[in-house]
Amino acid sequence: MVKYIYEKYNSNYSSGTTTTYTENSFGAWSAYESKDSNAAFYGHSSYGFSSSSGLYTVGSEQTYYTNATYYRGSSTSITEYQIFDSSGGTAQYRYRTKTATKSTSSYGNYSKGSYIGQVIAENGTYPSNGRHSPDGYWYVRRFEATPPTVTSPNGGESWDATETITWTNSQTELRYKIELTVDNGESWTTLNASTSTDATSFVYDFSNEPQSSLAKIRVTGVYDGLYTLSDSSDGVFTIQHNQAPSIPTNLSPSGGTLDRTKVIRFSWQHNDANANDNQSMAEFYWRLQTAPTWNEIVINGTAQYLDMNS
């Protein structure tokens, strides 16, 4: 089955009670009562009016509702006032009241808590977004954890300085983390924490890395701080800085007949891939024609010639 990356969170639990009210119908209007028109209900909180809504306009009929809800035990009452002008500067008003029946119920809810980390598991192991009752944690499924595939180095290479690490994409829109081990996976060093998006190669200079015959590269997909499964080199490769020089060239003399009673200079050209690696020693062999054994002369130093006579 396909494996996915899940974000793992703590799970919070909250509980309490919920109160609801079922409103009943208004009762009958009261008898009319009078108030001075200039004061009227302005600021009279006992009637439920505020300074902004309690002042009425003389000559027009208005209806106001109380701005507060009054709780009395298991019910609430709401009073509605109706005000209109009457002659002689007297405000007439009346009111009516309705009640609401109160009811309560208990609840308990789980919600996503603090972030713990990522988990890789087969699809369906955890909820796509919710609490997993067996372990009590909250999970959010993100994206497939399909690993990339390392193509180079993949075992047997011998690398020295600047080389190109390559891999195939596991899916689009990923960046990649590149790591190196020089002890066959016992420990890893990060070469690049996050490449460019959809990259398939990374150029790296191994000159400062320790020599090893147990090196491997590991590549992991990265998206939004989450990591896919990884892939590493199938076999070990070698990091070798001080490589043996290639065969000497420009050998002289390279044929003909020379007078052995005179000094003969034998010379050659030292060849090394690293231009800074000079010759430190040479081994020169000679023998008499048809002789069964060779004679060895060791040259310590950078000289690329040897003077001999009989």
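Trainee: How many helices and strands are in the protein?
Mentor: This is a predicted model: local features need pLDDT of at least 70, side-chain atom pairs count only at pLDDT 80 or more, and totals for chains, interfaces and linings use all residues. Residues are numbered from 1 along each chain as its sequence is written, and side-chain values use heavy atoms, with hydrogens and water left out. Helices (H or I, at least four residues) and strands (E, at least two) are DSSP runs, numbered from the N terminus. On that basis the protein has zero helices and 22 strands.

Trainee: What share of the 310 residues of the protein counts as buried?
Mentor: Buried means under 20% relative accessible area, exposed over 50%, and partly exposed in between, with a 1.4 Å probe and protein chains only. Of the 310 residues, the buried share is 29%.

Trainee: Which percentage of the contacts with a separation of 6 or more comes from residues 24 or more positions apart?
Mentor: A contact means heavy atoms within 4.5 Å. Among contacts in the protein with a separation of 6 or more, residues 24 or more positions apart account for 63%.

Trainee: Which residues touch the most other members of the largest nonpolar core?
Mentor: A nonpolar core is a set of buried Ala, Val, Leu, Ile, Met, Phe, Trp, Tyr and Cys residues joined through side-chain atoms within 4.5 Å. The largest one has 22 residues. Two or more residues come from each of β11 (162–168), β12 (175–181), β14 (201–205), β15 (212–223) and β17 (237–239). The members that touch the most others are Ile-165, Ile-178, Phe-206 and Ile-217.

Trainee: Is Phe-206 buried or exposed?
Mentor: Leaving out residues up to four places away in sequence, Phe-206 touches Trp-159, Asp-160, Ala-161, Thr-162, Glu-163, Ile-165, Leu-180, Ile-217, Phe-237, Ile-239 and His-241. The relative accessibility of Phe-206 is 0%, so Phe-206 counts as buried.

Trainee: What kind of aromatic pair do Tyr-204 and Phe-206 form?
Mentor: Rings of Phe, Tyr and Trp (its six-membered ring) pair if their centres lie within 6.5 Å; planes under 30 degrees apart count as stacked, over 60 as edge-to-face and the rest as tilted. The whole structure holds 13 aromatic pairs. For Tyr-204 and Phe-206, the centres are 5.0 Å apart and the planes lie at 85°, so the pair is edge-to-face.

Trainee: How many residues apart in sequence are the parts that Phe-206 and Phe-237 tie together?
Mentor: Phe-206 and Phe-237 also pair edge-to-face, at 6.4 Å centre to centre and 85° between the planes. Phe-206 is in the loop between β14 and β15, and Phe-237 is in strand β17, so the parts tied together are separated in sequence by 31 residues.

Trainee: How far apart in space are Gly-117 and Tyr-9, C-alpha to C-alpha?
Mentor: Gly-117 lies in strand β6 (residues 90–122) and is buried, at 17% relative accessibility. Beyond its neighbours within four places in sequence, Gly-117 contacts Tyr-6, Glu-7 and Lys-8. Gly-117 and Tyr-9 are 108 residues apart in sequence, yet their C-alpha separation is 7.2 Å.

Trainee: Which residue does a cis peptide bond join to Ser-152?
Mentor: Omega of that bond is about 0°.

Trainee: Is Asn-250 buried or exposed?
Mentor: Asn-250 lies in strand β18. Its phi is near 55°, a positive value in a residue other than glycine. The relative accessible area of Asn-250 is 54%, so Asn-250 is exposed.
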